[in-house]
Amino acid sequence: MERPPPPQRSGVVLPIPEKCKGCGICELTCSLIHEGTCSPQLSRIHLQRDIFTEECTHSLCIQCDWPACFFACSVGALFIDRKSGARTIDESQCIGCGSCAKACPLNKNSIIKYNPNKGVYFKCDLCSGRQRGPACVEACPWEALKYIPASERG
Amino acid sequence: MIAMGMNPKGSYYGWVGRILRVDLGSGRIWSQDTMPYAKDFIGGRGIAARIAWEELKPGIDAFDPENRLIFMTGPLTGTLAPSSGRIEVCGAAPQAYPKTHYTRSNMGGWFGSELKYAGFDGIVIQGASDRPVYLWIEDGKAEILDAKELWGRDTFSTQKYLLDRHDRNAQIACIGPAGENLVRYAVVQSRTENAAGQGGFGAVMGSKKLKAIAVRGTGGVRIAEPERFFDLCIATNRALRTARGRPPSGYRDPEMARKYGAKSAACSQACPMDCGIVYTNVPGKVNRGIQKTRIQCVAPLFAGAERFYDWKIGREAGTELSALANKLGLNHWVLLLGVVPWLRECHRRGLIKDLDGGPIDFDNPRFWTNLLEKISQKEGIGKILAEDVPRASEILKIGEDVMKSLYPAYGFPGHWDGHGDKVNPAFFPLWIVSALQWFTDTRDPFSSGHGYTSWLASWSRILPWDRLAGVGEKVYGSRKSIDPSYPYEYKAQPAIWEQNESVLKDSLPLCDNLFPFLYTTQTEDNYARVMLSSGEVVEGKSIGYHLFQAATGLKLDEAEFRRCAERIFNLERAIDVRNYSRRREDDLKIIPYFETPENIIGPSGRLESLDRKAFLKLVDEYYELRGWDLETGIPTKHKLEELGLKDVAEELHRSLS
């Protein structure tokens, strides 16, 4: 089967690990803004801290040019946000089948996660519709997260 | 052994709704509803005090199985509020002197937040196991598991074992050999440098044969007003970070970074600062191998300082010793400001000549590692030093006067008091307020009481007294509260305000290193204010209240909220009076300590010491403002009733008659 052509390009949030202090403000901001709850589990950005070295690894959606998640969704719950290009899940359409998560090439790092309370999958939507852009970028005290709009992506 | 299905999901904001109960004697596990305590006692220290009032009977020693070991978070724990990883640890404390008594300790990190994500606001542990066990908590379930494999291990290796065995995202509170062996200043340790240090609650865990609590949670903390809460948190973080001009840009010491892999890191969930320095590559001086540990608070003192603590250890060995103390589970503060200075002075005076036959040499790292090992294993003289200095000097019948110059009261070494604590630059008259914070406490008040003496010692280097006094008027009600020309006037008010603020910090909780947020270079009058994106301006002293309200949605006005702090402080006093016969004369025992000359000269231009007569006037004023009986120092029935503590008033006054 021939691959469909890629949709509109997306912006992306990029972590700058050497600036990160491991506070987790990004995770709690994300779940607070999206779910009204402070919960790393419900965050679209995931932080892994080593307890001895405090070394942090971040995982969050890289908003692929050719989004496997988008093409894998059979119910049309995934859409491309017109303004940012974010590959976004419409929760009202999602049936919780998990095809998007299975298709994601990076999903072992918790890029697309399941919300058991709502029975839907969720992923980074670059805070689509939020005037000041991605909330995690705004909240990070250390400028360790950077938003790159589609037009500036290399 | 498993308790199930505790949290009616999503019923509350701020609190998660259940307190886990564990009886290690019978192996029974159950849970109770948090909410009956929440509105009146907030969380952390407040809820713990209420549980202690109800369950901790007079005469219960710290090592009695009937002692309660209470881990309690607050409504802000685990949220986006600045430094929200904190948790309070309470119970009868082994370090407390002359007899063990109820008091508190707290720690940052990620253990408190993880507990809430697992569905519990707190854990109350009673009874004692007859064999080593640990507690494994995961999403509303708890299990008592065998800890044979863990007993004897240090805190780092214990955590590694549990992470490997259960979940690499788990958070752990555990004890080292010091806790197992009931050293009176054994800590409850989490990660490499978070610990509930003061009080010796690690030894309470040891007495219950509880090696560790490991917790993993995938839930969250619901917030009543998410947008406003986000706005408050982010604006507060920004204001805190720019209070002294430019925001901090992280640790910058290329030499340390290159040599020791040093970098700065947050020490607690959602904290916007980077107080901790993580060393990832320090060669061991005594034990071969690479040391990895976080260093903060008093830990750099292991290396030695210029005055008084002038042993010559150096940074590499200092880092190794700091990590070793954490691995063994020994309290840094007690070691460095109590045990070591006492031992050193006793040695100087020829009162102690050797350490079990070996030379006493504080410039030799090997002497230190030997000392720390001996204390944590209670080997040789370590057995006596493990009792902490007040008891050790009693047992050995030496150095009692040295002890009295280092330990103001309750079995706790000095802290921001201008006398025994020679690390921190507290000068007259700032330490008058410290003395008033100390004199009615049950421990060193400076785990959550830095707001006056410490803030002013540092801000008076940046801003003129006139400016600071202006802020004092807004916060404490009078310029005299801060103006150094009135050393014995209007001092009970700031002391009471800071004591109550300390209760709030320990109950919400908030970090003592950031709150109360009072001073800034960024406003015209130097009084801290936070401007929200909505245009609303929040006063620095009220940030905690607004965070509480936006998180919980409780409709409580600020005066009622502050009354919670007063209620909690009075309840703690009631425990102290009922269980330990605390009276005015006990409060006044602190006076001789402050009557000795202070450490450094302040604005008066000469070394000051406490004026007993003037201080006693402040004491009377303090009791009157508190609503406590002048003769006895006992909260009056009227006061307790006014605070909504009718049952406490009745039981307390019945116990007295």
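**Close-up views of a predicted two-chain model**

**View 1. Three strands of chain B form an open sheet with antiparallel pairing.** The order of the strands is 14-15-16. Strand 14 (263-265) and strand 16 (290-295) of chain B are the edge strands, each pairing on one side only. From one strand to the next, the twist averages 25°. Strands of a sheet in general pair through backbone hydrogen bonds, in either a parallel or an antiparallel sense.

**View 2. Strand 15 and strand 16 of chain B are joined by five bridges.** Strand 15 of chain B covers residues 276-283, and its pairing with strand 16 of chain B is antiparallel. Within this pair of strands, B:V282 is found opposite B:Q291, a residue of strand 16 of chain B.

**View 3. Helix 25 of chain B has buried residues along one face.** This helix spans residues 646-656 of chain B, and B:V648, B:A649 and B:L652 are buried in it. Seen down the axis of helix 25 of chain B, the buried residues fall within an arc of 100°, so they line one face of the helix. An α-helix has 3.6 residues a turn, so residues three or four places apart point the same way. On the other side of helix 25 of chain B, the residues B:K646, B:D647 and B:R654 are exposed.

**View 4. Other helices of chain B cover the buried residues of helix 25 of chain B.** Among the elements of this cover are helix 2 (44-55), helix 20 (558-580) and helix 24 (637-642) of chain B.

**View 5. Chain A and chain B meet in a contact with 26 residues from chain A and 33 residues from chain B.** On the side of chain A that touches chain B, helix 1 (25-35), strand 2 (37-38) and helix 4 (135-139) of chain A each supply at least two residues. Helix 1 of chain A gives the most to this side, with six residues. Sorted by class, the side of chain A that touches chain B has 12 nonpolar, 10 polar and four charged residues.

**View 6. A strand of chain A pairs with a strand of chain B.** Strand 2 of chain A and strand 13 (residues 221-222) of chain B are paired in the antiparallel sense over two bridges. A:C38 has B:V221, in strand 13 of chain B, as its bridge partner.

Note on methods:
Residues numbered from 1 in each chain as written. Chains lettered and ligands numbered in written order. Predicted model: local features only at pLDDT ≥ 70, side-chain atom pairs only at ≥ 80, totals over all residues. Buried ≥ 20, exposed ≤ 12 C-beta atoms within 10 Å, placed from the backbone. Helix = DSSP H or I, 4+ residues; strand = E, 2+ residues; numbered from the N terminus. Arc of directions from axis to C-beta. Contact = placed C-beta atoms within 7 Å. Pairing = 2+ DSSP bridges. Axes fitted to C-alpha atoms, helices over the stretch in contact; angles between N-to-C directions. Nonpolar A, V, L, I, M, F, W, Y, C, P; charged D, E, K, R; others polar.
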